[in-house]
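Look over the sequence and the model, then read on.

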Amino acid sequence: MCDYSLHHVMSTPAKVGDVLKSTSFIGSSTRGFCAAGEPNVAVCVLPGTELAFASEIECDRAIGFLPHRRLGATVARFRQVDLDKPYAHHDAIELPNGQIVLLTNLSEGQMATVLQLPADEHAQRTAPAEVEPARTQNEPIPLFGI
């Protein structure tokens, strides 16, 4: 998903293997992910997507001149929070220790690779359009839709 303030930005869905970069978008009050080579296209990540960061995940400090805060993890799972608050930031990552960090608080320029999409979304993308019902062992196989 893309946070509410990114709805005016061109976007594309995340795919396994995509290399993402944390960034600010022109005309937006939030940060998000873009494709490494396309800084003006937001990459929308589904809740449950697993990400591997190229280095330790960092957040900006409230006071700009202090160094970034290192979070002690290089992997995270994308989440959405505070969905009952329409004008709050929803996009976040959950670290292995359970800590939730808003995407808008991540330091800019961090690289992350999409490791895995949520199981149900992956199944929807790879499932055949029609699923044949199971047949018993002795049931004949219909030919040509007869």
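Q: Does Thr104 count as buried, partly exposed or exposed, at 15% relative accessibility?
A: The classes rest on relative accessible area: buried is under 20%, exposed over 50%, partly exposed in between (1.4 Å probe, protein chains only). Thr104 has a relative accessibility of 15%, so it counts as buried.

Q: Where is Thr104 placed?
A: Strands (E, at least two residues) and helices (H or I, at least four) are DSSP runs numbered from the N terminus. Strand E10 covers 100-102 and strand E11 covers 111-116. Thr104 sits in the loop between E10 and E11.

Q: Which backbone nitrogen does the side chain of Thr104 reach?
A: Contact means heavy atoms within 4.5 Å. Leaving aside neighbours within four places in sequence, Thr104 is in contact with Ser29, Thr30, Arg31 and His89. At 3.2 Å, the Thr104 side chain reaches the backbone nitrogen of Arg31.

Q: How is this model treated, and what is left out of side-chain values?
A: The model is predicted: local features need pLDDT of at least 70, side-chain atom pairs count only at pLDDT 80 or more, and totals for chains, interfaces and linings use all residues. Residues are numbered from 1 along each chain as its sequence is written, and side-chain values use heavy atoms, leaving out hydrogens and water.

Q: Is the pair of Phe33 and Phe53 stacked, tilted or edge-to-face?
A: The structure holds one aromatic pair. Rings of Phe, Tyr and Trp (its six-membered ring) pair if their centres lie within 6.5 Å; planes under 30 degrees apart count as stacked, over 60 as edge-to-face, the rest as tilted. For Phe33 and Phe53 the centres are 6.5 Å apart and the planes stand at 50 degrees, so the pair is tilted.

Q: How many residues apart in sequence are the parts that this pair ties together?
A: Phe33 is in strand E3 (residues 31-35) and Phe53 in strand E5 (residues 50-53). Phe33 counts as buried at 2% relative accessibility, and Phe53 counts as buried at 7%. The pair therefore ties together parts separated in sequence by 20 residues.

Q: Which residue's side chain makes a polar contact with that of Gln80?
A: Gln80 belongs to strand E8 (residues 75-80) and is partly exposed, with a relative accessible area of 23%. A polar contact is a pair of N or O atoms within 3.5 Å; within protein, one must be able to donate a hydrogen and the other to accept it, and residues adjacent in sequence count only if both atoms are side-chain atoms. At 3.0 Å, the side chain of Gln80 is joined to that of Asp91.
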